[in-house]
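Trainee: Walk me through this model, please. I want to learn how to read its helices and contacts.

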Amino acid sequence: MLDEQYMTELASGNESAFDSLVFRYHKPLFGYLYRLLHDEKQAEDLVQETFLKIYQEGKRGFIPEQFKPWMYKIATNRCKDYWKKASTKREFVAEDIYDNPSQVYHIIDHQIERKWMMESLNHLSLDYRTALYLRFYQDLKYEEIAMTLEIPLNTVKTRISRGLNQLEKILQENEGKEERKYE
């Protein structure tokens with residue numbers, strides 16, 4: 001069933017339709033917000049707020065033309081609201097400790113690569129970073145990103161292109177630093 005059909009079902013009073021949307025999008029939405037916030041608890045709170053907004057809109061009878069961009073737009077706006085708060089503090093999650101030593105090295109390597117990429121992405125402006133997260137981590141199409149961020153399609157293409165160029169420079173600089181460190 002399509003997401004928009006679930007919203008139609010929700011609008012007609014079928015509460016289980018909302019459960020299906022939560023089941024389908026909780027994890028990707030959490031991943032998106034976590035990458036933007038670097039705070040597991042806050043990301044979870046904003047996921048809850050996003051789903052609450054979706055539920056309320058569905059119960060009022062609102063059915064978005066395209067659910068996914070609409071949902072990410074709500075989440076992005078929640079994130080922006082969070083950043084606007086003066087008392088906002090960022091916390092970073094400590095890495096988990098794993099019991100199985102045979103998988104630890106693989107997991108650590110993966111975590112280091114991921115952390116390295118995330119740190120590099122965090123050097124980009126919020127506009128570039130958000131566009132790249134939506135495209136490459138949430139797999140949204142350019143048109144969906146334009147709808148999510150309420151910007152023209154060409155601006156999305158520009159942000160992704162420039163973001164990738166800046167990311168490449170950052171990665172090359174970091175790689176050069178690592179090589180000099182071991183010389």
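**Reading the helices**

Mentor: Start with burial in H4 of this predicted model: Phe67, Pro69, Trp70, Met71, Tyr72, Ile74, Ala75, Thr76, Cys79 and Tyr82 are buried. Buried means under 20% relative accessible area, exposed over 50%, and partly exposed in between, with a 1.4 Å probe and protein chains only. Residues are numbered from 1 along each chain as its sequence is written, and side-chain values use heavy atoms, without hydrogens and water. Because the model is predicted, local features need pLDDT of at least 70 and side-chain atom pairs count only at pLDDT 80 or more, while totals for chains, interfaces and linings use all residues.

Trainee: What covers the buried residues of H4?

Mentor: First, the terms. Contact means heavy atoms within 4.5 Å. Helices are DSSP runs of H or I with at least four residues, strands are E runs of at least two, and both are numbered from the N terminus. The cover of H4 includes helix H1 (3-11), H2, H3, helix H6 (126-137) and H7.

Trainee: How many residues does H4 have, and what span is expected?

Mentor: The expected span is 1.5 Å times one less than the number of residues. H4 has 18 residues. From first C-alpha to last, H4 reaches 26 Å, close to the 26 Å expected.

Trainee: At what angle do the axes of H4 and H7 cross?

Mentor: Axes are lines fitted to C-alpha atoms, for helices over the stretch in contact, and angles run from 0 to 180 degrees between N-to-C directions. The axes of H4 (residues 67-84) and H7 (residues 142-149) cross at roughly 40° and come within 8 Å. That makes H4 oblique to H7. Under 35 degrees counts as roughly parallel, over 145 as roughly antiparallel, 65 to 115 as roughly perpendicular, and the rest as oblique.

Trainee: Is the crossing of H4 and H7 left-handed or right-handed?

Mentor: Right-handed. The near helix is then turned clockwise from the far one by less than a right angle; anticlockwise is left-handed.

Trainee: Which residues of H4 and H7 meet?

Mentor: Pro69, Tyr72, Lys73 and Thr76 in H4 meet Glu144, Met147, Thr148 and Leu149 in H7. By class, this contact has four nonpolar, two polar and two charged residues. Ala, Val, Leu, Ile, Met, Phe, Trp, Tyr, Cys and Pro count as nonpolar, Asp, Glu, Lys and Arg as charged, and the others, Gly among them, as polar.

Trainee: Now H1 and H2. How do their axes cross?

Mentor: At roughly 145°, coming within 7 Å. The crossing is left-handed. Asp3, Tyr6, Met7, Glu9 and Leu10 in H1 meet H2 residues including Phe18, Leu21 and Arg24. Seven nonpolar, one polar and four charged residues make up the contact of H1 with H2.

Trainee: Is leucine 21 buried or exposed?

Mentor: Leucine 21 sits in helix H2 (residues 15-37). It counts as buried because its relative accessibility is 1%. Beyond neighbours within four places in sequence, leucine 21 is in contact with Asp3, Tyr6, Met7, His26, Phe51 and Phe67. Its C-alpha lies 8.8 Å from that of phenylalanine 51, 30 residues apart along the chain.

Trainee: And how does arginine 24 count?

Mentor: Arginine 24, also in H2, is partly exposed at 34% relative accessibility. Leaving aside neighbours within four places in sequence, arginine 24 is in contact with Met1, Leu2, Asp3 and Tyr6.
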